[in-house]
Amino acid sequence: MGTRTIAGIEIQVNDEGYMMDASQWTPEVARELAKEEGIELTDKHFEVLNFIRDEFLKGNPLTIRKVGKSGIVDIKGLYELFPGGPLKKASKIAGISKPSSCV
Amino acid sequence: MKKILILGGGTGGTIMANRLRKALEKEEWEITLIDRYKTHYYQPGFLFIPFGIYTRHDVMKPKGDFYPAGVNVIFSKIEIIEPLENRVVLEGGKVLNYDYLIIATGTQTKPEETPGLKENLWYKEIFDFYTIEGAVALSHFFKRWEGGHLVMNIAEIPYKCPVAPLEFVFLADAFFHQQGIRDKVKISYVTPLPGAFTKPRATQMLSGLLKEKNIEVIPEFYLESVDNEKKTIKSYDGQEIPFDVLAIVPVNMGSDVIERSGMGDDLNFVPTDKHTLQSEKYENIFVLGDAANLPTSKAGSVVHFASEVLFENLISMIEGRPMLARFDGHANCYIETGFGKGSLIDFNYDTEPLPGTYPLPGIGPFGLLQNTKLNHYGKVIFRWLYWHVLLKGKEMPVENEMSMAGKKL
C-alpha cells in the first residue's frame, strides 16, 4: 500500500497499483494510468471504463464475457483495447479493485 | 392454505423440502417441488468415473427417495416464472401460484457457447466430466489411450466445483502412472485464472503439487474457440495450444428458465443478496446454491451451509420477524490429489483458505491445505453422509458458519 500523485491528485494504491478509492478517479487519472500500461485512451476506451465502473459501483461481479455482452465492444475488441489481461488492465485504469474470481 | 414452491430438486431443493416439511404445519402450508429429471446424481463422484474408480451406478439414485412425505413433487419442465404475478407456469400450461418461491435451479454446462467445442471431436477426443455422459465416455477413451498430450481447460469463470479440474489432473497423473504410461503422457492445466487457484495460500500449495507431479500450468488463457482440424484450443489473444485429448470445463450458465423469465444476469444467475439469500428484486423469492450470483464457490458444501441461513430467514419472514441470519459464503472442499491422498480447504467471502485442522481446532482429523491420507478418506466417507444425512436436511457434524479456530494465519 502507498500513496502516489497521479494527475495532481494524491491517490492511495495497493501493492499491485490498483486504486483503493474509486471515487478519486478522474479521466485525467485514467489517461496517466493508461500511459503506464502503454495505452493511449480513446473514446471507446472510456466507454468501456465507464461501463465497468458503473457495474463495480453497483456491486456486480465483472467478467470479460459481461463486458463482451455490454454492446460496447466484443471480447476480441476488448483484447485489442487492453492487450494482455483486458479486465485486469481496464480495472486498474478505471480506478477500481482488481477483479477477483470467485473460486 | 399457504404455498411454498421450490424450483429444482437437486442438492439445495431437496434439503429445503426436507427442512421445511418438518418445520411447517401440513394443515397450513402446501409445499411443492418441481424438477425435470427423476435421477439424482452425486456430482462429486463424476470426477472418479473417467479413471474407473466409480461407475455410473455409484453416483445415481432416484430423486424420489429423498423427498419427504407430504411434499407435492411434480416432474416437469418449467416454462416461465412470473414474479410479479407470484406464479410459475409449467410446460403444458399448468399454473402454480405461490406465497414464497425458492429458486434452486442450479448451473449447467453450455459447450455450445464456445465455437468448435461441441463438433466432430465431441466425446471422441474432447470430453467434459461434469455430465454423466461425458464422464462415462472419457472412461472408455482412457481405457484404450496409449498416451499423448492431455489438456485440461476451463472455459469460463465461475464454474461448478472450482477444485474439480485440479483434482482431475492429479488423478490423471496417478492413473497414467498405474497404467505404466505416465512417461508417454504430457499433462497441461490451462486456465483463465492467473494461477492454479485464485487465493494466494491455496495457489502456493497447489502449484507445488502440480510441479511435483510434472503438470504444466498455462495461466491467463481465455478460450475463444476449438479448431477440430488442427486439434488446438485458441484464446482471444491469439495463443494456440495443441491437444491429443481435451478435458474441458465448458461455460457454466444458470438454467434457461431464468433467462426466459428475465431474472438472470449475463450468465443467467439470479442477482441475490449475498447475506440474506433473498432475491434482490422480489422479497418473497429466495435463491439457493448455484442458481444465485453469489461471490463464492458453486459447490454442494456452499448449498448446504447456505440452506441453513435460507431456512432461518424464510421462517423469520413467514413469522413476521426481521431476517437475522447472514450467509458468510462458507465453502469447504476436499481436493483429491491422487495416490490415496487428499487436501482440504475451508474459506468464505472474506477469508482465503488457510492451513490448519478441521473441523476440530488443533485436532482435525482433517488437515487444511495439507496433503494427507485422512483427507482422502474424508472425501470417500462424504458420499455416504451426502446420501444419508445432508440431503435429508439432518444435522451435519460441521458448523454452518466458517470458524477461524484451528486455522493458522
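Predicted model: local features only at pLDDT ≥ 70, side-chain atom pairs only at ≥ 80, totals over all residues.
Modeller: Residues are numbered from 1 along each chain as its sequence is written, chains are lettered from A and ligands numbered from 1 in the order in which they are written, and side-chain values use heavy atoms, with hydrogens and water left out.

Biologist: Why is B:Gln108 called partly exposed?

Modeller: Buried means under 20% relative accessible area, exposed means over 50%, and partly exposed is in between, with a 1.4 Å probe and protein chains only. B:Gln108 has 27% relative accessibility, and therefore counts as partly exposed. This residue lies in strand E10 (residues 107-109) of chain B, where a strand is a DSSP run of E with at least two residues, a helix is a run of H or I with at least four, and both are numbered from the N terminus.

Biologist: With which residues is B:Gln108 in contact, leaving aside its neighbours within four places in sequence?

Modeller: Contact means heavy atoms within 4.5 Å, and B:Gln108 is in contact with B:Val251, B:Asn252, B:Met253, B:Gly254, B:Ser255 and B:Asp256.

Biologist: What puts the buried residues of H5(A) on the same side of the helix?

Modeller: In helix H5 (residues 86-93) of chain A, the buried residues are A:Pro86, A:Leu87, A:Ala90, A:Ser91 and A:Ile93. They cover an arc of only 165° around the axis, which puts them on the same side of H5(A); the arc is that of the directions from the helix axis to the C-beta atoms. What covers these buried residues includes helix H1 (27-36), helix H2 (43-57), helix H3 (64-68) and helix H4 (75-81) of chain A.

Biologist: What makes E11 and E14 of chain B edge strands?

Modeller: Two strands pair if DSSP finds at least two bridges between them. The open sheet of five strands in chain B has the order E11-E18-E12-E13-E14, with parallel pairing, and strand E11 (126-127) and strand E14 (215-218) are its edge strands, since each pairs on one side only.

Biologist: How do you know that E13(B) and E14(B) pair?

Modeller: Strand E13 (residues 185-190) of chain B and E14(B) share four bridges in the parallel sense, and the definition asks for at least two, so the two strands count as paired. Within this pairing, B:Tyr189 stands opposite B:Val217 in E14(B).
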